[in-house]
Amino acid sequence: WLSLAAAVIPAYAAPNHMRASLLAEGPVQPGGTVTLALLMQPEAGWHGYWSNPGDAGYGLNLTWTLPAGGSAGAMQFPVPQTLLIQGLMNHVYEHDYAVLVPVKVPASARPGTLLPVKVRAQWLVCTETICVPERADLEGAVTVGTGGKDARFEGWRASLPAPLDRNGAFAVSPTTLRVALPFPASAPLDAPHLFLSTERLVDYAAPQRFFRNGDTLVVEVPLAKSSSPPAKVDGVLAMGRQAGGIAFAAM
């Protein structure tokens with residue numbers, strides 16, 4: 001949903017404030033999986049949104065047209081940033097970023113051919129005062145066979161949160177969500193922030209409390225009003241200061 005403090009302007013004829021490009025990491029074998037990237041490049045002063053946008057905005061929506069027998073997996077987002085505007089917490093990207101998507105190609109694909117790939121991408125791009133819904137119809141092709149890979153994907157993949165090798169745990173009190181994550185006592189943690197994929201559970205703009213208990217990191221976040229406890233909580237622990245992040249699931 002959109003912030004009432006932001007004006008929403010339909011983008012019908014004006015050029016996009018976010019440039020979107022569709023790229024393939026490289027060739028793929030029949031029946032294999034290739035990684036595609038939606039490279040999103042906002043103009044200076046504009047930002048796009050993480051999968052859970054926070055208090056305002058909305059994330060990226062993709063509608064794929066793939067060869068028969070092909071399928072697209074879940075979007076993989078880089079670690080987001082926080083942006084607090086008029087008391088509303090936004091989960092954003094104020095710089096170029098790539099959303100990665102694994103695409104499985106049909107086993108019947110013939111080596112040496114090009115498989116057409118199309119996607120309709122829709123997103124919201126904002127400044128601190130204006131939001132514009134935008135879209136782009138993107139086309140590309142994936143080579144079936146062997147060959148070199150696009151070196152940029154290595155950097156984009158490094159921007160994704162690293163998955164924890166085991167689950168955390170969470171508990172809910174009448175006012176607070178507490179999440180306990182395995183995290184080495186010796187590991188540095190500078191200006192962390194917990195981003196939840198689980199929407200409308202916590203007060204995004206409220207201060208978060210972090211403390212350690214040996215090799216466990218405990219995070220306390222005030223609950224949103226009228227939230228109900230889920231069976232699972234997942235998201236990203238951003239470690240701050242360009243230190244990346246960790247993707248977690250807590251039971």
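## Second largest cavity

The second largest cavity of this predicted model is lined by Met18, Met40, Gly48, Tyr49, Tyr58, Gly59, Leu60, Phe77, Tyr97, Val99, Trp123 and Leu124. Its volume is about 60 Å³, a volume being the space filled by probe spheres set on grid points that are joined across faces, edges and corners. A cavity is a set of points, on a 1 Å grid over the protein atoms alone, where a 1.4 Å probe fits but cannot get out, and lining residues have an atom within 4 Å of a point. The structure holds four cavities of 30 Å³ or more.

Strand E4 (48–54), E9 and E10 are the elements that give two or more residues to the lining of the second largest cavity. Strands (E, at least two residues) and helices (H or I, at least four) are DSSP runs numbered from the N terminus. By class, this lining has 10 nonpolar, two polar and no charged residues; Ala, Val, Leu, Ile, Met, Phe, Trp, Tyr, Cys and Pro count as nonpolar, Asp, Glu, Lys and Arg as charged, and the others, Gly among them, as polar.

## Basis of the model

Residues are numbered from 1 along each chain as its sequence is written. The model is predicted, with local features needing pLDDT of at least 70 and side-chain atom pairs counting only at pLDDT 80 or more, while totals for chains, interfaces and linings use all residues; side-chain values use heavy atoms, with hydrogens and water left out.

## Nonpolar core

The largest nonpolar core has 35 residues, of which Leu38, Met40, Leu60 and Trp123 touch the most other members. Such a core is a set of buried Ala, Val, Leu, Ile, Met, Phe, Trp, Tyr and Cys residues joined through side-chain atoms within 4.5 Å. Strand E2 (18–24), strand E3 (33–42), E9, E10, E11 and strand E18 (233–238) each supply at least two residues of this core. E10 provides the largest share, six residues. Met40, Leu60 and Trp123 also line the second largest cavity.

In soluble globular proteins, nonpolar side chains tend to be buried together.

## Largest pocket

The largest pocket has a volume of about 500 Å³. A pocket is an open set of grid points with protein on both sides within 12 Å along at least five of seven lines. Its lining comprises 23 residues, and Val79, Pro80, Gln81, His95 and Gln242 lie nearest the centre of the pocket.

At least two lining residues of the largest pocket come from each of strand E7 (81–85), strand E9 (97–104), H1 and strand E15 (193–196). By class, the lining has 12 nonpolar, nine polar and two charged residues.

## Aromatic pairs

Rings of Phe, Tyr and Trp (its six-membered ring) pair if their centres lie within 6.5 Å; planes under 30 degrees apart count as stacked, over 60 as edge-to-face and the rest as tilted. By this rule there are three aromatic pairs. Tyr93 and Tyr97 are stacked, because their ring centres are 4.2 Å apart and their planes stand at 20°. Both of these tyrosines, Tyr93 and Tyr97, are buried, where buried means under 20% relative accessible area, exposed over 50% and partly exposed in between (1.4 Å probe, protein chains only).

Phe153 and Trp156 form an edge-to-face pair, 5.0 Å centre to centre with 65° between the planes. Phe153 and Trp156 are three residues apart in helix H1 (residues 152–158), and are therefore separated by about one helical turn. Phe153 is buried at 0% relative accessibility, and Trp156 is buried at 15%.

## Salt bridges

Side chains of opposite charge can pair when their charged atoms come close. A salt bridge is a side-chain nitrogen of Lys or Arg within 4 Å of a carboxyl oxygen of Asp or Glu, and the whole structure contains five. One of these joins Arg120 and Asp137, with the closest N and O atoms 2.7 Å apart. Arg120 lies in strand E10 (residues 114–126) and Asp137 in strand E11 (residues 130–143), so the pair ties together parts 17 residues apart in sequence. Arg120 is partly exposed at 33% relative accessibility, whereas Asp137 is exposed at 52%.

Arg178 forms a salt bridge with Glu220, the closest N and O atoms being 2.3 Å apart. This pair links strand E14 (residues 176–182) to strand E17 (residues 216–222) across 42 residues. Arg178 is partly exposed, at 41% relative accessible area, while Glu220 is buried at 12%. Glu220 also forms a salt bridge with Arg209, at 2.5 Å between the closest N and O atoms; Arg209 lies in strand E16 (residues 209–213), 11 residues from Glu220. Through shared partners, salt bridges join Arg178, Arg209 and Glu220 into one network.
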